Structures are given as C-alpha cells and as structure tokens.
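The following report describes selected features of a predicted model.

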Amino acid sequence: MSNKEVQEFSAKLKKGLEIAEKKMLQEKALLGESIVVCDSNNNIMRIPASEVIAKHKAF
C-alpha cells in the first residue's frame, strides 16, 4: 500500500468507528444503559450513555 492509500484507509476506518460509537451510545441511551470508561487516572467508572451524549456535542 502506498502512503496515500494508508491515509485514506485510516480516515475511512476512523469515520466508521465514530459512526459506530455514536450509534452504540444512542441505542444504550434509549435503553437507559450505562457505558464503562476509564479516566485519566485509570479509574474505571460506569456512566449513563445519556450523560455522555449530553456532555459531548459530537453525539
């Protein structure tokens, strides 16, 4: 693969992951479910999906 092809593939992969994450959060929010995340201090937490959506305008 050329460098350009790698960059295009990486961009497509990133976009696909963003779409999948958004869909997952929306589905979990509809069902009243939480997601598991890790903060910068490596503390594991459960956060309601609806809270994640409310705090991040990208979703």
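Which residues make up the largest nonpolar core? That core has 5 residues in all, namely Leu25, Ile35, Ile47, Ala49 and Val52. If neighbours within four places in sequence are left aside, Val52 is in contact with Leu25, Ile35 and Ile47, and also with Phe59.

Val6 counts as partly exposed because its relative accessibility is 37%, a value that lies between the limits of 20% for buried and 50% for exposed.

| Residue | Relative accessible area | Class |
|---|---|---|
| Val6 | 37% | partly exposed |
| Glu18 | 38% | partly exposed |

Glu18 can also be placed relative to Lys55: the two residues are 37 residues apart in sequence, while their C-alpha atoms are 16 Å apart in space.

Turning to the strands, β1 (residues 34-38) and β2 (residues 44-48) run antiparallel and are joined by 5 bridges. Within this pairing, Ser34 has Pro48 in β2 as its bridge partner. The hairpin of β1 and β2 has 5 residues between the strands, and in this hairpin Asn42 takes a positive phi near 65 degrees.

Methods:
Residues are numbered from 1 along each chain as its sequence is written. This is a predicted model: local features need pLDDT of at least 70, side-chain atom pairs count only at pLDDT 80 or more; totals for chains, interfaces and linings use all residues. Side-chain values use heavy atoms; hydrogens and water are left out. A nonpolar core is a set of buried Ala, Val, Leu, Ile, Met, Phe, Trp, Tyr and Cys residues joined through side-chain atoms within 4.5 Å. Buried means under 20% relative accessible area, exposed over 50%, partly exposed in between (1.4 Å probe, protein chains only). Contact means heavy atoms within 4.5 Å. Two strands pair if DSSP finds at least two bridges between them. Helices (H or I, at least four residues) and strands (E, at least two) are DSSP runs, numbered from the N terminus.
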